[in-house]
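Welcome, and take a moment to look around before reading on.

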Amino acid sequence: MPSPPSDPFSTLRDLPLRSFRPEPALRLPVTAIERFRFPSVDAHNHLGRWLTKRWAARDVGALLGRMDATGVAAVVNLDGMWGKELRDNVARYDRAHPGRFATFAQLDWRELDAGNGFGERLAAGVHQSVEAGAKGLKIWKNLGLHLRDHRGALIMPDDARLAPVWDACASERIPVTIHTADPIAFFQPLTARNERLEELLENPDWWFGDRRRFPRFDELMERFERLVAANPGVTVIGAHVAGCAEDLAWVSRMLDTYPNLNVDIAARLAELGRQPRAAAALFRRHPGRILLGTDQVPPAIPTYRVYARFLETADEHFAYSPGEAPGQGRWAVSGLELPDTVLRKVCRDNAIRLIPGLRG
């Protein structure tokens, strides 16, 4: 039988951070959660072929089974795109299962290449998409980060040439879910002090800290605010806590200032759950303006249970996702223990009110 090493630390002194997997020694209560307390709507998900080049939910019947098992009454599919792809999504989800799904369209940004008048052409696409069954419009983060006009100039969220698009959404009475920017750390220097360094090393194209190529984070937030302010007749859903989950005072000010703004919490449990008192205060101050969303592709039972635990319980220091580190950061989260009056609005009522075609 081999003898133990004389120095038990010798093999661990140079352990890479990616191999460090601490197991908390805390002894805390664990609330078993099987399903949401109230029938809920996942207002931010991807079920189409945009991200995966194949159906994200390959078996719709199995997806409905997972939804039923966790108390999810409906899911918003942000992958409708336009044209035939939109019609395929609407047929597969919305029309085949009325009330259980609502598909949002996206814009065909290839219109930018055709030169002046792209705003009017994109607006015409909005009207066509609504006629084809779209229940809303999804704008991705490439607006402000990547999209350029025919002269090579970066298109920002508040670009005046896009005004016809927002006017079309207002006239069609459809909400617009807008993903602006990304976590603040993605715009900060790539150094050992960056709290999302592991994640960025795994996904180098998520780093936007090169000032020669990308705007500052705060500039994108300022442009987003101008867009919201200039379009009071448009129902805006700021994806991922309006892109600013690290600064809930800013989010709360935005919700106080602009009645047309709402936010979803998709993929931001890591941020919200490490500031549970500030997060709970935001939910309690603005219960009618926050929507449940997960951005889990495809929707999964363990993820829905984590979201339910986060919103409903007072549990402390638990994993914000079923996966292992690094995830979105090396920390744990604590639950908000929201009252039923707030939970009903966040998990169901707000989505039913804002998004056509859903039932809860």
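This is a predicted model: local features need pLDDT of at least 70, side-chain atom pairs count only at pLDDT 80 or more; totals for chains, interfaces and linings use all residues.

Which way do the residues of S3 point? Phe101, Thr103 and Ala105 face one way, while Ala102 and Phe104 face the other, and all are buried.

**The sheet around S3**

S3 has a partner in S2, and the two pair in the parallel sense over 3 bridges. To find this pairing in the view, look for Asn77, which stands opposite Thr103 in S3. Thr103 is one of the residues that point the same way as Phe101 and Ala105. S3 also pairs with strand S4 (residues 136–139), again in the parallel sense, over 2 bridges. Here Phe104 is the residue to look for, as it stands opposite Gly136 in S4.

Now step back to the whole sheet. It is open and has 8 strands, in the order S1-S2-S3-S4-S5-S6-S7-S8, with parallel pairing. Which strands stand at the edges? They are strand S1 (40–45) and strand S8 (290–291); each has a single partner strand, so one side of each is left without a neighbour in the sheet.

Further along, strand S5 (residues 176–178) and strand S6 (residues 236–238) run parallel and are joined by 3 bridges. Val176 stands opposite Val236 in S6.

**A helix across the strands**

**Helices packed in pairs**

Two packed helices are described by the angle between their axes and the distance between the axes.

| Helix pair | Angle | Distance between axes |
|---|---|---|
| H1 (residues 60–70) and H11 (residues 301–312) | about 25° | 10 Å |
| H3 (residues 118–131) and H4 (residues 163–172) | about 25° | 7 Å |
| H8 (residues 248–257) and H10 (residues 276–285) | about 5° | 10 Å |

Take the last row to start with. With an angle of about 5°, H8 and H10 are roughly parallel, because angles under 35 degrees count that way. On the H8 side the contact is made by Leu248, Val251, Ser252, Leu255 and Asp256, and on the H10 side by Ala278, Ala279, Leu282 and Arg285. By class, these are 6 nonpolar, 1 polar and 2 charged residues.

Next come H3 and H4, with axes 7 Å apart. Their angle makes H3 roughly parallel to H4, and H3 passes H4 in a right-handed crossing. H3 brings Gly119, Glu120, Leu122, Ala123, Val126, His127 and Val130 to the contact, and H4 brings Pro164, Val165, Ala168, Cys169, Ser171 and Glu172. These residues divide into 8 nonpolar, 3 polar and 2 charged.

Finally, H1 and H11 are also roughly parallel to each other. What is the handedness of the crossing of H1 and H11? It is right-handed. Arg66, Ala69 and Thr70 in H1 meet Ile301, Tyr304 and Arg305 in H11. The contact of H1 with H11 has 3 nonpolar, 1 polar and 2 charged residues.

Terms used:
Residues are numbered from 1 along each chain as its sequence is written. Side-chain values use heavy atoms; hydrogens and water are left out. Axes are lines fitted to C-alpha atoms, for helices over the stretch in contact, and angles run from 0 to 180 degrees between N-to-C directions. Helices (H or I, at least four residues) and strands (E, at least two) are DSSP runs, numbered from the N terminus. Angles under 35 degrees count as roughly parallel, over 145 as roughly antiparallel, 65 to 115 as roughly perpendicular and the rest as oblique. A crossing is left-handed if the near helix is turned anticlockwise from the far one by less than a right angle, and right-handed if clockwise. Contact means heavy atoms within 4.5 Å. Ala, Val, Leu, Ile, Met, Phe, Trp, Tyr, Cys and Pro count as nonpolar, Asp, Glu, Lys and Arg as charged, and the others, Gly among them, as polar. Two strands pair if DSSP finds at least two bridges between them. Buried means under 20% relative accessible area, exposed over 50%, partly exposed in between (1.4 Å probe, protein chains only).
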